[in-house]
Amino acid sequence: LAVEFAKKGFEVVGIDVDKERVDRIRRKISYITDVRTSDLKDVIRLKLLKAEDSFCALDQIDVVFVCVPTPLKHKAHPDISFIMSAVKQIRRYLHSGQLMILESTTYPGTTEEEILPLLETSGLTCGEDFFLAFSPERIDPGNEKYPLRKIPKVIGGITKEATELAGLLYKNIVERVVPVNSARVAETVKLLENTFRIVNIGLIDEIAQMCHEMNIDIWEVIEAAMTKPFGFMGFYPGPGVGGHCIPKDPLYLYWKAKKFGFSSRFIKLSSEIISRMPHYVIERMEAALDKSGINLKRRKVLVIGVTYKKDVLDLRKSPALDIIEGLMQKNIDVSYYDPLIPYLKINQLHLDSIKLTATTIKRFDCVLIVTDHSVIDYAFVLKNARLVFDTRNVYKGIADKKLVRL
């Protein structure tokens, strides 16, 4: 977002409490896969983008975007503390004519019920002195077909003027803006988009388990179903879902609906099915090892791919981490290989990525493919492995007695 506005000639200041990120920007090094370091260097060289770890810069800012994490607390309760912490700082520097846009995914009503009252404690009035809107981020990391400029921007302001102002601003960097009647509608749009995905992924994960019991190839079923030119959209089973959106966003909607006495059974069930997939993968892998006759006490497993998505440098909510932890709890000797992640230091996980050679692969009783990075030579892996459990269908169309698919 910052780089795209800077490319259009806007003077952009990025503020982050993470001093390491600020330092990397100052050194002209991008830490986001979708932002080329060369583009970052260009806008910094032209003095159109700079990074700060202090909120003092807000005093001279006309438009403020809030793009902070919105995690979940225990029992699927939304945590908007990062949003409110940022808004408290914005309130200190709020001035006449300023426009604030929240992009962080949140539950319906956050902008109007939480942010608006807090900003107005400054003594300024929304719609007269300052303007407030919500516009959900819709970035799909690693998707080169749909970069930011090609993704329509949904905008819902607290006032009509706020919607119009935000639309005029976004038109500088996106091809299409989609105004809606309120911030609540815009907030719900993002939640609907990701609820649609979690429900369909949960459905296909359940059908994959059903097909396994019935000895039916789910991958072949999906490919054949996709030949229908209408009324069907292909979703694929997997070891679980990760990232900053799908695992949690629908639960924001579920939580808010409960406040109105409504329980969304689809969201709850889909979330439960998906959250159990790492355990299901382990169970299936253990069954395959049992069938192969490998001794329980000496099992060694190599996990290939630990990011939540192929070719994307992001570990957030990655099912691979749950799988590795689950294997360790069973006292299975676990190693991993990921060309994007040289080491793992998360909670109790402290591992280094191994080298993927014929010798190392042969050391393991099973190779578990969790994330299907494009640069990996899967034929080489299969050739040297004793057993391969493929959760991503990278071996589509290949029949081999030492190959097991999800």
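**Labels and their grounds**

Author: Start with an open sheet of five strands, in the order β3-β4-β5-β6-β7, with mixed pairing. This is a predicted model: local features need pLDDT of at least 70, side-chain atom pairs count only at pLDDT 80 or more, and totals for chains, interfaces and linings use all residues. Residues are numbered from 1 along each chain as its sequence is written, and side-chain values use heavy atoms, with hydrogens and water left out.

Reader: What makes a run of residues a strand or a helix here?

Author: Both are DSSP runs, numbered from the N terminus: helices are H or I with at least four residues, strands are E with at least two.

Reader: Why are β3 and β7 called edges?

Author: β3 (63-66) and β7 (177-179) each have a single partner strand, so one side of each is left without a neighbour in the sheet. On average, neighbouring strands of this sheet are turned by 25° against each other, direction ignored. Axes are lines fitted to C-alpha atoms, for helices over the stretch in contact, and angles run from 0 to 180 degrees between N-to-C directions.

Reader: How do you know that β5 and β6 pair?

Author: Two strands pair if DSSP finds at least two bridges between them. β5 and β6 (residues 153-157) have two bridges, in the antiparallel sense. They therefore count as paired. In β6, glycine 157 is the bridge partner of alanine 133.

Reader: What packs on this sheet, touching β4 and β5?

Author: Helix α5 does, and its direction makes about 160° with that of β5. Contact means heavy atoms within 4.5 Å. Helix α6 (residues 160-170) also packs on the sheet, touching β3, β4, β5, β6 and β7. The direction of α6 makes about 155° with that of β6.

Reader: Which residues of α5 are buried?

Author: In α5 (residues 110-120), they are Thr110, Thr111, Ile115, Leu116, Leu118 and Leu119. They cover an arc of only 165° around the axis, which puts them on the same side of α5. The arc is that of the directions from the helix axis to the C-beta atoms. Their cover includes α4 (81-93), β4 (98-102), β5 (130-134) and α7 (183-213).

Reader: Why is asparagine 393 called buried?

Author: Buried means under 20% relative accessible area, exposed over 50%, partly exposed in between (1.4 Å probe, protein chains only). Asparagine 393 has 14%, so it counts as buried. This residue is in the loop between β13 and β14. Asparagine 393 has a positive phi of about 60°, although it is not a glycine.

Reader: What makes lysine 47 exposed?

Author: Its relative accessible area is 72%, and the cut-off is passed, so lysine 47 is exposed. Lysine 47 lies in the loop between α3 (37-45) and β2 (49-52). Its phi is positive too, about 60°, although lysine 47 is not a glycine.

Reader: Why is lysine 355 called exposed?

Author: Lysine 355 has a relative accessible area of 67%, so the label is exposed. The loop that holds lysine 355 runs between β11 (349-352) and α12 (358-362).

Reader: In what order do the strands β9, β8, β12, β13 and β14 form a sheet?

Author: This open sheet of five strands has the order β9-β8-β12-β13-β14, with parallel pairing. Its edge strands are β9 (333-337) and β14 (403-405), each pairing on one side only.

Reader: How do you know that β12 pairs with β8?

Author: β8 (residues 300-304) and β12 share four bridges in the parallel sense. The rule asks for at least two, so they pair. In β12, isoleucine 369 is the bridge partner of isoleucine 304. Three bridges join β12 to β13 (residues 388-390), also parallel.

Reader: Why is the crossover from β12 to β13 called right-handed?

Author: A crossover is right-handed if, with the strands pointing away from the viewer, the path from the first strand over the helix to the second runs clockwise. The chain goes from β12 through helix α13 (residues 378-384) to β13, and this β-α-β crossover is right-handed.
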